[in-house]
Amino acid sequence: MIPVSFQNQVQILNLRPDLAESARVRDHLRAIAGRMGFSGERVFDIQVAVGEAVANAIEHTGGSGDVKVELKSLANRLEVSVSGPGDFHLPERGGGRDHRGLGLPLMATLCDHLALYSAADGGTLVTLSFHLPWGDRVRSSVPPWESEERFRALMKASSEVLYRMSPDWGELWQLDSEGFLANTEAPSGSWLQEYIHPQDQPRVNTAIKEAIRTKSVFELEHRVRRADGSLGWTFSRAVPVFDAHGEIVEWFGSATDATERKQTEKDLRESEERFRTLFDHMTEGFAVGEVMVDAEGEPYDFRFVEVNAAFERQTGLGREVLGKPINAVLTELESDWIDAYTTVALTGESTRFTNYNRDTGRYYEVFCYSPALGRFAIIFSDVSERMRSEQELSRFFALSPDILAIASVDDGRWKRVNQAFTEILGWTEEEALSKPIFDIIHSDDVVRSRKAIEEVAKGARLVRFEHRVRCRNGSYRWIAWDAHGDEQARHLYLAGRDMTERRRAEEERRQVAAELAGKAKELGAALEREDLLATLLDSSSQPFAALNEEGRLVLFNLAFQRLSGHSEEQLLGEVRWLDGLIAPESREEEAAVLHRVRRTGDPQLHEKELVRRDGTRVPVEILVHLGQRSLGEPFYYSFVSDISRRKRAEEERERLIRENARLFETQKQIADTLQEALLRPVVNLAGLDSDFVYRSATEEAFVGGDFLDLFRIDKDHVGFAIGDVCGHGVEAATMASLVRDTLRAYAFQQLPPEQVLGLANTALSRQTALGEFTTVLFATLNCNTGQVAYSSAGHPPPLLRRTGGEVEQLETNFGAPLGAFGGSGYRSSQKKLHPGDTILLYTDGVVEARGNGLLFGEERLAEAFRLGGNKMEGLAEGLLESVIEFSGGRLGDDLAMLAVRRKAGKKRGRLPRVIARG
């Protein structure tokens, strides 16, 4: 209690929400009323009436908020006003009560005037007036102990138990109860042992001694043995009755049954403990902060007031940061963090963003909302690895000298291309993504290219597949592709190398070989000597060698000699083609190539490793032709190309492809985790059964924009929703997560569905771009009555199946999709859900699935729902199978379904109490 000095005969007392404060008020009133000239009897009346008003106000604060007492010492009266944030409960008697709140008759009887008001901003104000004897009303001089029947009648109306005690509390003279405690008609000296729990008896004795010493009201909450023998809780109050000399002649008391309230408090503590356990074991970081403002009210910093264990793990900051300005803890914190949190705390608009923190060196994905004005709450995850993977993937795409691309099997279009694609082929990225693959492939290569893509889509690996690709300027370039596919995602991942120059060089080599062969034929006898041909070949930088059927070299040029490292004598002597120059593991294959050339007369182009004189190996490409000497003896002449540089480049490309596949798998896992988070509603709610299913048809990524949700709002209500964000991929899934969290935030305020959608539409319209919108069906269910209230934002109508099998479509033509237009023009409708009834929510991907040119439609869905029977398990999956069978397995859009059934056959259990977020 914080007293404020008198000003113009007015005193204000601010009380904490603690029943012990009422005793202090009574002591204060005794002094004030005595100084004003009230009699001892009237002082007692004032203490009892005001004490009852204060106790009533304190008890209904709910443990939060202050109670204000204003005392006005006027010339002819004392006015006392008591105001608090709670309501004064009027005397309505019923089954077990959680609140006393029945003291108004007592106040009205003991004061000269009573007024009760409801404050505009919530709470209640009661004013009691007590006139001085020479004022407007003179009190009776009847001693209080002669007014016992009056007090008994008043207190009987507000308590379950009335009792009378001896002055020293040694005997219980009388106890009347309505069944809560056993009645006592004759005086009893063993009342303490009979009624009071042994562990509480010392507390009761201590409180009695203090009340006798101070001659003040006895108040205590303790355990008692009830009339049926069980243990319970009671709140007991007793006032002393004085004689003419101010001595206590007896105590008159009342007690109320607080057992149910204590059990509720215990359940609340257990619920809070469970919430704290969940809070501390969340994988996401969670924190609550408050904005700090200067003397002019301008925000300049913030501080955290609560953090969980995941916050400490992901940031490295412990609970020691609580209450400290964040700039004193994180010296390099960017101002945009403070700006984001301040905006949310002061405007109430939630936000989601990903940002880098220099102090921790990590990236965080953050969802921020405001639980109260000036405060913000954040749920965040460390996404550093994901961001680095995405950056590495983008860097890999940007820096690779080879063409990298991702393509869709189903629509045959490029989905992503790198800078090398645009530089080599001339198409801009936008132009490439707008064109089908086969539009830029040479018409002569389309058939075999289409066949190759179909094989890769089935899981085959494509290696060095070459075809001609049209450039933007109309020319064609030869591209050699390595590719692999993802059969589930229906995507191709390709790495291509420009082979145009190599093709041109090979063609030139073939032309040179043909020219040399023609010259050899024309020279005739001159070739017999071979020295002229050797002279011609020595002038060429292209390694050349000729060998007879025995594998001995009969002719070679200087370029070949330098490539092999052998001297001329060694090449013409002991070194043979197969035994000395070709790698041992390839000799049989090389012999088969020579045999094939001899048998068919066709040249053969192949790759081998050439063993040099020092033992090192050189990868080479060999073009072998069949020739004939003038004496009719056949021989082989070969053009040899060193392809070491090309091989190193191919190995590097293979490494990059493997790294690309690893990065892609990382991104896929992130996308899968995001989708799973969007599609994991609470399914174990007391009194309800539920089932859900989701199937993605997206091509952009592995996630889509459909989402569904089922969650507790409070102990009597649950909320459930389904929605469809326009678009596909990670962007749509991120938007779906924002919409779902926004709906939850407003639903926890216990607002009707139309207001939830209206507020969500206002918030999302400010955060989404033009053309981004979401259809939503949001509903709440009263688990006690089965009443369903629902509202739609442009979403397909839900279906309701009664226990007898009848299916009806609910009206939902209520409002526009969220984010499409501003405003809150939504309305709700209601429907009774009887035990055993099932409500089905679905997205438009269900009814818009096509088969043989027809839509699956709402009528087929209703019939499948009707035939689904009363078994909830597998209901959604069975409906999905009906859609897939109708469409032949081809879905044109994501689809999701959520079924909620009110259980039948037994009484619904109580839902655990839900603690509001923040």
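## Overall picture

What percentage of the 918 residues in the chain is buried? Buried residues come to 49%, where buried means under 20% relative accessible area with a 1.4 Å probe and protein chains only. This is a predicted model, so local features need pLDDT of at least 70 and side-chain atom pairs count only at pLDDT 80 or more, while totals for chains, interfaces and linings use all residues. Residues are numbered from 1 along each chain as its sequence is written, and side-chain values use heavy atoms, with hydrogens and water left out.

The chain has 27 helices and 38 strands; these are DSSP runs numbered from the N terminus, H or I of at least four residues for helices and E of at least two for strands. Take the contacts (heavy atoms within 4.5 Å) with a separation of 6 or more: 58% of them join residues 24 or more positions apart.

## Cores

The largest nonpolar core has 61 residues, and Tyr163 and Trp191 have the most contacts inside it. A core here is a set of buried Ala, Val, Leu, Ile, Met, Phe, Trp, Tyr and Cys residues joined through side-chain atoms within 4.5 Å. Helix α2 (residues 40–59) gives the largest share of this core, 10 residues.

Leaving out residues up to four places away in sequence, Trp191 touches Met165, Trp169, Gly170, Glu171, Leu172, Ile196, Val204 and Ile208. There's also a second, separate core of 31 residues, with Met282, Ala377, Val725 and Leu764 among them.

## α1 against α2

Helix α1 (residues 20–36) packs on α2 at an angle of about 150°, axes 9 Å apart. Axes are lines fitted to C-alpha atoms over the stretch in contact, and angles run from 0 to 180 degrees between N-to-C directions. That makes α1 roughly antiparallel to α2, the label for angles over 145 degrees.

Residues of α1 in the contact include Val25, Leu29 and Ala33, and those of α2 include Ile46, Val50 and Val54.

## α26 and α27

Down at residues 857–867 and 875–887, α26 and α27 pack at about 140° with axes 10 Å apart. Arg860, Ala864 and Phe865 in α26 meet Leu875, Leu879, Ser882 and Phe886 in α27.

The buried residues of α26 are Gly857, Leu861, Ala862, Ala864 and Phe865. Their cover includes β35 (838–842), α25 (844–847) and α27. After α26 comes Gly869, with a positive phi near 80°.

Technical notes
Buried means under 20% relative accessible area, exposed over 50%, partly exposed in between (1.4 Å probe, protein chains only). Angles under 35 degrees count as roughly parallel, over 145 as roughly antiparallel, 65 to 115 as roughly perpendicular and the rest as oblique.
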